[in-house]
Amino acid sequence: MEISIIGAGYVGLVTGVCFAELGHDVMLVDNNKEKIAMLKAGKSPIYEPGLEPLITKSIKNKKLHFSTSIPQAVKFAQSIFVAVNTPPRQDGTADLSFVATVSKEIALAMDGYRLIVDKSTVPVHTGEKVAETIKRYNKHKVDFDVASNPEFLREGSAIDDTLYPDRIVIGVSNKRSAKILREIYAPIKSKFVETDINSAEIIKHASNSFLALKISFSNSLAHICELAGADVEEVTHGMGLDKRIGKSFLNAGIGYGGSCFPKDVAAFIGISDKLGYDFKILKTVEDVNMDQRKSFIKKVEDTLWVLKDKTVGVLGLAFKPNTDDMRSAPSIDIIETLKAEGAKIKAYDPQATQNAKQIIKNITYCKNPYEVAKNADALLILTEWDEFKELDLDKICKQMASPIVIDGRNIFQKSEMEAKGFVYKSIGR
Ligand code: NAD
Ligand code: UGA
C-alpha cells in the first residue's frame, strides 16, 4: 500500500522505515530541509540502533521516498499518518499547533478520499478538532476519515517495538477506516484494539501516565527502603513476580525524563483539569519525579560537603541508554544545580554528547569514562549504558582524587564496590 507520513522525527521516521520493511511504499515528509537532505543521502538524523541500515535498504529498494512537500505526500497516498511533535506549552498542556497546521495543509491538497491517521500523542478530542479543520479547508469537498493510531515505541528499541508491538490501537469512526488500517498492519502479528477515537487518544495518555506512576511508586519505595534499611531492588523483584504487578518499569533511579513521560503526564493532567476532573494521583507522580532529582543532588552534597572547586565526573547524559536524546534528561537539572554550587563538571556519554553540548554549557566533555574519572572527587552514574557496567573499576578507583561513586541507576553491587575500595551510594539500598 502507499502511505505518507508527515513528520520524520523519532516516530515518523521509525514508522516509515518499518512500513517500508513490511513492503509498503512510503513517502516521509518533513519541513526540516536538512533532515530530509540527510535522509535522502541515507543518513539517519537520530541515533537509534539498527535504523540507518534499514533506511539505506529501503531507499535502495525504492520503498522509501522523502519530500518537504505536504501536497506531494497527499498526492502520493490514500493514507496519511501525522507524526509531528506535540510539545508542552508553558502551562504543561499540549501545543497542537503543528497538528493543526498539517491538518489544514492536508485538507487544502486533497483531491479524492483520504484517511488521515494521527500518530502523534494528543489529548482526547484532538481527532474531532482535526476532522473539523479538514472539513473547513476541504477545497474540493472530497470524502475523508480521521483515525487515531497512537504509538508505543520506546527510543533505543524503537524498531523492535514497532515490528513486534504488544498491541496496535486504532481509534476509528467507521468500518472503512478500520479496514484500511487493518490492511496496513496485516503483516504484523499483534493484538488489535479497535475502538472509538476518544478512547484511543486516552489509551495513549493513560499508558504513559501509568508507566510513570509505576516509576514514581518505585522511587517512593526507594526512600522507605533507605530509611528502613531494606533494598529496593529486592523489594521490586519480589513485587514484580506477581503477574498482576509485572516486573517492568519498577526501577528506582533519578526519575523519569525524555520527550514523553514528563510531557504526557503534564498534558493528561491539563486535559483532565479542562474536562473538570482533578487527576490528583498524577500531580503526585510529577512531584515525586522532580523530588527524585533533588534527593540525588542532596546525596551528592551530603557526601562531598562543600561543592565549590570539587571536580564531579558524570557518566551518562541521555535520558536513557541507547539514544542520543537529551530532551528533559534528568542529567540537565542535576548538572546545572551542581555547577551553580561551584562544582567543576566533567562528563561523558556514548551517544548524546553532541546534543548535550547544545544544552549544557561550561562543562568539560570527555572522550571516555576514564578521562572523566581522572582526578574526580566523585563519579555520578546518570544513565545506565552497558558500557559503564563493563568498566575497569580498579583503574577508575586508582585514577580518582577520592573514590566516591554515587550511582543514580543502581548499576553496581554495593558489596563489590565497597570491596574495591569505593565509597558507594545508590538509590534505595
Ligand atoms: P520529533 O520532534 O522527533 O519529530 C517531529 C517531526 O515533525 C520533526 O522532524 C519536525 O520537523 C516535523 N514537523 C513539525 N511540523 C511539521 C510540518 N508542519 N510539516 C512537516 N513536518 C513537520 O518528535 P517525535 O519524538 O517523533 O514525536 C512525535 C509525536 O509522537 C509526539 O506527539 C510524541 O509525543 C509522540 N511519540 C513519541 C515517541 C518517542 O519515543 N519519541 C514515542 C511515542 C509517541
Ligand atoms: C516511553 C514509553 O515507554 C513508550 O511506550 C512510549 O511510546 C514513549 O514513552 C512515548 O510516548 O513517547 P521512552 O520515553 O522512549 O518511551 O523511554 P522509556 O524506556 O519509557 O523511559 C522513560 C524514562 O523513564 C527514562 O528516563 C528512564 O530512565 C525512566 N525509567 C524507565 C525509570 O526511571 N525506571 C524504569 O523502571 C523505567
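Which residues lie nearest the centre of the second largest pocket? In this predicted model, they are Leu96, Pro123, Thr126, Lys129 and Lys274, out of a lining of 20 residues. Here is a quick tour of that pocket, the domains that contribute to it, and the nonpolar cores.

**The second largest pocket**
- Its volume comes to about 400 Å³.
- Three helices, α5 (97-109), α6 (126-137) and α11 (261-275), each contribute at least two lining residues.

- The domain assignment of the protein chain places domain 1 at 2-195 and domain 2 at 205-285.
- Between the C-alpha centres of domain 1 and domain 2 there is a separation of 29 Å.
- Where the domains meet, 15 residues of domain 1 are in contact with 11 residues of domain 2.

- In soluble globular proteins, nonpolar side chains tend to be buried together.
- The largest nonpolar core here holds 58 residues, and Phe296, Leu317, Leu338 and Leu380 have the most contacts inside it.
- A separate core of 39 residues lies apart from the largest one, with Cys18, Leu64, Leu153 and Ile159 among its members.
- Leaving aside residues up to four places away in sequence, Leu317 touches Met326, Ala329, Ser331, Ile335, Ala347, Tyr348, Asp349, Ala356, Ile360, Tyr365 and Thr383.

Note on methods
Residues numbered from 1 in each chain as written. Chains lettered and ligands numbered in written order. Predicted model: local features only at pLDDT ≥ 70, side-chain atom pairs only at ≥ 80, totals over all residues. Heavy atoms only, no water. Core = buried A, V, L, I, M, F, W, Y, C linked by side-chain atoms within 4.5 Å. Buried < 20%, exposed > 50% of the residue type's maximum accessible area, 1.4 Å probe, protein only. Contact = heavy atoms within 4.5 Å. 1 Å grid on protein atoms, 1.4 Å probe; cavity = no way out; pocket = protein on both sides within 12 Å on 5 of 7 lines; lining within 4 Å. Points joined across faces, edges and corners; volume = space filled by probe spheres on them. Helix = DSSP H or I, 4+ residues; strand = E, 2+ residues; numbered from the N terminus. Domains from an automatic or database assignment.
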